Amino acid sequence: MNRTTLSLIAGTAALAAVTGFATLNRPDAPAPDTAKAAAELPVERTRLLCPSPSTSDLAETSYTSFTPVTKGTGSAGTAELLAAATQDSADDPSDKTDDKTDDKATGKTSGKTSDKTSGKTSDKADGKKKAAKPVLTPKAPGAPAVGDTTGSSTPALLGTAEGKFAPGWTVQETTEVAAGSGRGLQGVTCTAPDTEFWFPGVSTAADRTDYVHLTNPDDSAAVADIELYGKDGALPTTVGEGITIPAHSSEPILLSTLTGEKQEDLTVHVNVRSGRVGAAVQALDEKLGGDWLAASTEPSGTQILPGIPKDATAVRLIAYAPGDADADLKLQLASPSGLITPAGHETLHVKAGMTASVDLGDVTRGEAGSLVLTPTDGSVPFVAAVRVLRGKGAKQESAFISATAPVGTRASAADNSAKGSTLSLTAPKGTAKVKVTASTGSGGGTAVSRTYTVRAGTTQDVELPVPTGLKGTYALTVEPLTDTPVYAARTLAATEEGVPGFTVQTLPDDRGTVAVPEADENVAVLQK
């Protein structure tokens, strides 16, 4: 990888909490004028969390940070990426980030943290680590910043962006593993901290090694429960209750330690009792490579899973209904020519509190496709994901696509190259126009944009714009120009020794702006 190398003791982290706003009225003030239009203002602070990328000594990991240019941000701002505390330093106050003002009106942090990857040796007598310095600091919105690490010791990363770097900030973590369990290409978009996550598609089967990575960005410990649901309902476990994640640290939880049952398809529910965490599942297979499984969007009666590769050799759908009612789902594929029903797989019955799955085979049959799951009768909330295979025989590779929210106003995907990147767009409910911008390259180049029309009920793998004079990698920013919901996914592909490595990231709304009522003497806008 020809990029700036990040030493393993100066890791880069991205932890994200998009700034929120609240309105406050005086008790004696009249009711606000609801006729006044709310202003869309850029968020002032974003936090992101990247899990520790690999336990393989052969791992090569790249991080790409990108913020799209947003009007109204002003000229000030910073973005920093720091390593999370490691197990032996999590309880040492001298090794913790001093950000007691985090998420306050000032929005400032001291930037102090422990860092296992600064490239300097620690004092073996007392085990203390020296404070890390920020690395991979972006220089300006609109241009990607990149950095690399190698080996198995790279920690989870915590990051904060403020001012002009906050709206739409995204960080991509991409890892190549040459051999061993999980070999191939693994990718994940670093996520914002939250209090609840659903992961349909995990497994405790003999060939699988699945970890739930929980990363805590805050000053105090977080406490979370991990629940497992299989084909017959909840799996008994006591170890998954009350898991403590120390401040500014990350915990990888091996799923097979939570239950003795071996099941191919499970759903994980992470419920945070206290605090907040970032969560992602790393699914490693002895024979089929591996990838990151992102959380499904929140339970809903309709779910969209965009961007199934056209050369997929096998697709397996996993769904879970968390409520008290069964979900009966209609399965459709949004193809380049329109919505079609897979032969023999018209519906899927999902019992309440149980995980259901179905093999769809090579459902895309050489064409771009997205799964559209809708209720056959009454709407019952559910979550869903697919496991996708490419290749044949001993040279197969796996990846996951979780149900996602629509692009909304804007979304970006970083770490694209002139070759090996595919952008899939789908508009299940109506024809849509979409603007796609290729940013400047990380090493130079000029941004370019193109506009596409996506017909109702179809999926298109669009011909990507590439920056003029591209050097390095670039980011793609997707902006719908019509009100029709658009869903998007980006695929990175790299074939090594005949193994078709790939990873897919969906593009939900980047939440770069927030609606704020027009301010007057009775209303104040506050930052949480």
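# Close-up views of a predicted model

**View 1. The lining of the second largest cavity divides into six nonpolar residues, five polar and no charged.** (Ala, Val, Leu, Ile, Met, Phe, Trp, Tyr, Cys and Pro count as nonpolar; Asp, Glu, Lys and Arg as charged; the others, Gly among them, as polar.) This is a predicted model, where local features need pLDDT of at least 70 and side-chain atom pairs pLDDT 80 or more, while totals for chains, interfaces and linings use all residues. Residues are numbered from 1 along each chain as its sequence is written, and side-chain values use heavy atoms, with hydrogens and water left out. The second largest cavity holds about 50 Å³ of space. Cavities and pockets come from a 1 Å grid over the protein atoms alone: in a cavity a 1.4 Å probe fits but cannot get out, a pocket is an open set with protein on both sides within 12 Å along at least five of seven lines, and lining residues have an atom within 4 Å of a point. Grid points join across faces, edges and corners, and volume is the space filled by probe spheres set on them. S17 (278-285) gives the largest share of this lining, three residues. S3, S9 and S11 (208-216) also supply at least two each. Among the lining residues are Leu-49, Cys-50, Val-188, His-213 and Ala-280. Over the whole structure, the search turns up four cavities of 30 Å³ or more.

**View 2. Strands S15, S11, S17 and S18 form an open antiparallel sheet, in that order.** Strands are DSSP runs (E, at least two residues), numbered from the N terminus, and two of them pair if DSSP finds at least two bridges. S15 (249-254) and S18 have a single partner strand each, so one side of each is left without a neighbour in the sheet. On average, neighbouring strands here are turned by 20° against each other, direction ignored; axes are lines fitted to C-alpha atoms, and angles run from 0 to 180 degrees between N-to-C directions. Zoom in on S11 and S17 and you'll find eight antiparallel bridges. His-213 stands opposite Ala-280 in S17, and both of these residues also line the second largest cavity.

**View 3. The largest pocket has a volume of about 1300 Å³.** Its lining runs to 48 residues, and Thr-191, Ala-192, Pro-508, Asp-509 and Arg-511 lie nearest the centre. By type, the lining has 28 nonpolar, 13 polar and seven charged residues. Elements giving two or more residues include S3 (45-50), S8 (170-177), S10 (196-202), S28 (411-416) and S37 (499-506).

**View 4. Strand S10 is largely enclosed by the rest of the structure, because six of its seven residues are buried.** (Buried is under 20% relative accessible area, exposed over 50%, partly exposed in between, with a 1.4 Å probe and protein chains only.) S10 pairs with S16 (266-274) over six antiparallel bridges. In this pair, Phe-197 stands opposite Val-270 in S16.

**View 5. Four strands run S6-S4-S8-S9 in another open sheet, with antiparallel pairing.** S6 (145-150) and S9 (184-189) are the edge strands, pairing on one side only. Neighbouring strands are turned by 15° against each other on average, direction ignored. Six bridges join S4 (60-66) to S6, where Ser-62 has Asp-148 as its bridge partner.

**View 6. Thr-67 lies in the loop between S4 and S5 (77-83).** With 4% relative accessibility, Thr-67 counts as buried. The Thr-67 side chain reaches the backbone oxygen of Phe-165 at 2.8 Å.

Terms used
Polar contact = N/O pair within 3.5 Å; in protein donor to acceptor, adjacent residues only side chain to side chain.
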